[in-house]
Amino acid sequence: MANMGDREKGQKLGSVLEPKIKPFAPRKGHDPRELRSWAKKTGFVSTFSGETERSMSGRRDLNERFNNDVFVDRVDLEKGGLEKHESISPKIEIDPILGRTRDRGVEIEPVRGGGNGRDNNGVLGLRDGTVRGENERRKNGVMEPISGSNIEVQRDGLNGNGNAAANRNGNMNGRGAEVNEPVVEEKKDDGNFDREVGINVYPDGENSGDGGGLNQSPKIICGPRDNPGVVPLTLYGLQHYLSMTGSLIFIPLLFVPAMGGTDKDTAYVISTMLLVSGVTTILHSYFGTRLPLVQGSSFVYLAPALAIMNSREYRNLTEHKFRHIMRELQGAIIIGSIFQSILGFSGLMSILLRFINPVVVAPTVAAVGLAFFSYGFPQAGACVEISLPEILLVLIFTLYLRGISIFGHRVFRIYAVPLSVVIIWTYAFFLTAGGAYNYKGCSPDIPSSNILVDVCRRHAYTMRHCRTDVSDAMRTAAWVRIPYPLQWGIPIYRLRTSIIMIIVSLVASIDSVGTYHSASMRINLKAPTPGIVSRGIGLEGFCSILAGLWGSGTGSTTLTENIHTIDITKMASRRVVEVGAALMILFSFIGKVGAILATIPQALAAAVLCFMWALTIALGLSTLQYTQTTSFRNITIVGVSLFLGLSIPAYFQQYQPNSSLILPSYLIPYSAASDGPARTGNKDLDFAINALLSLNMVVALMIAFLLDNTVPGSRQERGVYAWSSKDEIKTDPASLSDYKLPNRVARCFRWAKCLGV
C-alpha cells in the first residue's frame, strides 16, 4: 500500500513538473486558430526584433518541439486540418504592434533570380524570408479575423512532380502571413500552373474604392526587383511623377515670384527641380535604402526659405534680389545637408532612431502642412473663381470618384491633381480670352506698370494672379537649356541661415524615417535595419548638397506622397521610378517644358498647394495608427505638440515689421526672423532663434520628442518602430536582400557595417 501511495504521489508530482504536451499537428488535422492556445499550453514565448535578441538556443528548442512536420497542400475548413504534399515548419511570432502571439504560416513561392522569386532551375523556395501577399486587418489596434479571406495558390516553374523543396528546419525568418478562416482558391494562367501563396483580407468588393490603411500589406503586382516590361515601366514611371506634380512644380511657382524672380527664372527653377529630382531618385534607388521612392523638393524646406527671403535686408532690395536670395539659400542648404550626410554615414542616425517613434513623427509631419495655413488660401483667394473650383474638383476626384476604375486603373485617385489642374487651367484660359480680366486703361502685359495708374492699381494684383497670358516665359525661355551647378552664382555662407537649415535637415530626416517604415510595410518587405535607414539619410544629405549646388531653392528628400501612389497602383518596382526619373532628366533639358508650366496662374498653383498641404497633415496623422490611439498618453502628447506648435510660433510672428506695407499680408508671419523677441546680443544667433521658433514643425518636433521620450509608456502603447536587427541578417541574409547594395559598391564599402552593408 505504501508503495502504491508513493507511486500515486510520484505520478501526481510528475504530472505537475512535466505537463503533457500535445503535438502541434494532430494526425486528424490542425486548426490554425488553435495555435495561440497551443503556445499557451506549452509555455512557448517567441521574441521579436527591437526588444529582445533572438537566440539560437530558442530556435533549437522550437525545432525539438516541432518533431512532426506539417504537410501543407491546401486548407480545408470543413475538415479543420492541413493535408499533405508540402513540408513547412510553423512559427509563432509576437505581433510587433500589439505584443500578442499570433500564428504565422510560411508561404511557398517560386524563387526568382537573386533570391526573390524563381531561380534558374525553376525550383520553388522561400522568397528572401519575406512573403508576398501578407495581409492583416486591424481595427482599433486589435487583429480581426475576416470571414471570406482566401489563399490564392499559383504554380510557376515547378519541377516534374509538382512538388518543391521546402525548408524543414523550422528556422524561418521571413514574414509569414496570418491565416484566419482561409478559403482555397487555385488559379491557372495561360495554361501554366503557377503557384503563389497570397492572402486577400478583404471580402470581394470591399476594397474597391480604397487602398486601405498603412497597417495593411496589400498584394503587390511587381516587387522591388521585378521588371514589368518596357511599356509598363514607361507608363508607371510617368504615373509616379504625375501624381506628385504638386511638390515638384507648384513650389517654385509660389516662392520664385516672392523672391523677386522673373517668369524666366521660374521656368529655369522648375527645370532645375526636375533634373535634381531625377538624378537624386536614381542615386537613392541604387545607393540609398533602395526602396522605390521618389526624391524631390520638400515642403519641409519651404517655410525656412520663406523666413530667410523675408529678412529685413532683402525687403527693400530691388536689383538682383532673386539671385542674392537664391545664393544665400544655396549656402544654407549645403551646410545643412553636410550635417545630414554626417548624421547618416557616421551611423549616428542608428542611435537617434531609438528615440524616433510614431508619436514623434505624426505631429512633426502634420505641422509641416499646418505651417502654411496663413499662406495658402490668402494666395488662392486672389482669384476665387479659379481657386475654389480647383479645390472642389480635386476633392471630388480623390473622395467621391476614387472607386471608379477606367480600363483597370483608378484614374481619378492617381491623377487627381494633374487632371484637375488641366481642367481648371483650360477654364482660366477661356476666362482670360473672354475678357473676364480686361480692365479699361490697364495693360495685361506688364502689371507693374499698372501701379503707376491709380485706376489700375487695385486690378494689378488680380490680373497677375488670374490671367494665363501674363507670363513671358514662353517667349524668353530657350528651347534647349541644361541646368548646371552654380548657375545663380557662388553660394553665400552665413552662420544664421546655416543654423536654421541644420535643424530643418533634422526635421526632414525624421520625416523620411516614417516614410521608409511605411513604404517597407506597403511593399511587403521586412523593415530595414537601423544601418540601412542611416545609409538612406546619409544619401539624402548628399542629394540635398547637389540640390544646393544646382540651386533648386529647396533641399531634396523623400516625398511622402509616393507611398499613396504605390498603394493605388500596387507597382513597387525600382525600375519604374528609375525610368520616371530618366524622363524627368530628359524634360529638364527642354527649356520650353518649364516655360509652359510657368504660365500656370499663381492662384491655381496656390489652390493645388492648399490640397497638398492638407494631404501632408493627413499623412502625418495617419502614422498614429501604429500606436494605441485610445491611449491618453499618446493623444495628450500629440495634442499638446500640435497646439503649442501653432501657438508658440504665433507669439513670435506677432512681432511685425515697423511698416507692414513693405510685405504682403500673407508673408508677414515669415518676417519674425528679423523682428522676433529673442535678444541675445548676437545678431546671427537672434536671427536663428527667432526663425526656428517661428517654424511650426520645429516647435512641434521639440515638444513631441521631449514628451514621448520622458513620459512612461510601454513599447506597444507608443507603437515603437520595429526595425530589423543585425542578428536577422546573420541568420537569414536573404530576408533583407532587397536593401542590399550592388555587389561592386558593397565590396568597396564592406567595412561600413554601421550602414547595413
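Let's start with S674: is this residue buried or exposed, and what is its relative accessible area?

A: S674 is buried, at a relative accessible area of 14%. Keep in mind that we're looking at a predicted model. The cut-off for buried is under 20% relative accessible area, which is why 14% puts S674 on the buried side. If you skip residues up to four places away in sequence, S674 touches S311, R312, R315 and F687.

Now for the wider setting. The protein has 31 helices and 15 strands. Of its 757 residues, 57% are buried. Take the contacts between residues at least 6 apart in sequence: 80% of them join residues at least 24 apart.

With a relative accessible area of 6%, V417 is buried. Leaving out residues up to four places away in sequence, V417 touches T245, G246, F250, V394, V608, F611 and M612. There's also a C-alpha pair to look at here: V417 and S243 are 174 residues apart along the chain, and their C-alpha atoms are separated by 6.8 Å.

The other is G237, in helix 4 (residues 230-242). This glycine is buried, with a relative accessible area of 0%. Leaving out residues up to four places away in sequence, G237 touches P232, V576 and G580. G237 and L583 are 346 residues apart along the chain, yet 8.2 Å is what separates their C-alpha atoms.

Next, a pair of helices. Two packed helices are described by the angle between their axes and the distance between the axes. Helix 7 (residues 263-287) packs against helix 23 (residues 591-598) at an angle of about 120°, and the axes are 8 Å apart. An angle of 65 to 115 degrees would have counted as roughly perpendicular, and over 145 as roughly antiparallel. Helix 7 and helix 23 are therefore oblique to each other. The crossing, as helix 7 passes helix 23, is right-handed. On the helix 7 side the contact is made by D263, T266, A267, I270 and S271, and helix 23 brings in G594, A595, L597 and A598. By type, the residues of this contact split into five nonpolar, three polar and one charged.

On to the cysteines. A disulfide is a covalent bond between the sulfur atoms of two cysteines. Searching the whole structure turns up one disulfide. It joins C383 to C466, with an S to S distance of 2.4 Å. The two ends come from distant parts of the chain, 83 residues apart: C383 is in the loop between helix 13 (376-380) and helix 14 (384-400), while C466 is in helix 17 (residues 454-466). C383 is buried, at 0% relative accessible area, and C466 is buried too, at 0%. C222 is buried, with a relative accessible area of 8%, and C543 counts as buried at 1% relative accessibility.

Last, some backbone angles. Most residues other than glycine have a negative phi. L486 has a phi near 60°, a positive value in a residue other than glycine. You'll find L486 in the loop between helix 18 (473-476) and helix 19 (495-522). L486 is partly exposed, with a relative accessible area of 34%. N524 also has a positive phi, near 60°, and is a residue other than glycine. N524 sits in the loop between helix 19 and helix 20 (530-550). At 1% relative accessibility, N524 counts as buried, whereas L486 is partly exposed.

How values were computed:
Residues are numbered from 1 along each chain as its sequence is written. This is a predicted model: local features need pLDDT of at least 70, side-chain atom pairs count only at pLDDT 80 or more; totals for chains, interfaces and linings use all residues. Side-chain values use heavy atoms; hydrogens and water are left out. Axes are lines fitted to C-alpha atoms, for helices over the stretch in contact, and angles run from 0 to 180 degrees between N-to-C directions. Helices (H or I, at least four residues) and strands (E, at least two) are DSSP runs, numbered from the N terminus. Angles under 35 degrees count as roughly parallel, over 145 as roughly antiparallel, 65 to 115 as roughly perpendicular and the rest as oblique. A crossing is left-handed if the near helix is turned anticlockwise from the far one by less than a right angle, and right-handed if clockwise. Contact means heavy atoms within 4.5 Å. Ala, Val, Leu, Ile, Met, Phe, Trp, Tyr, Cys and Pro count as nonpolar, Asp, Glu, Lys and Arg as charged, and the others, Gly among them, as polar. A disulfide is a pair of cysteine sulfur atoms within 2.5 Å. Buried means under 20% relative accessible area, exposed over 50%, partly exposed in between (1.4 Å probe, protein chains only).
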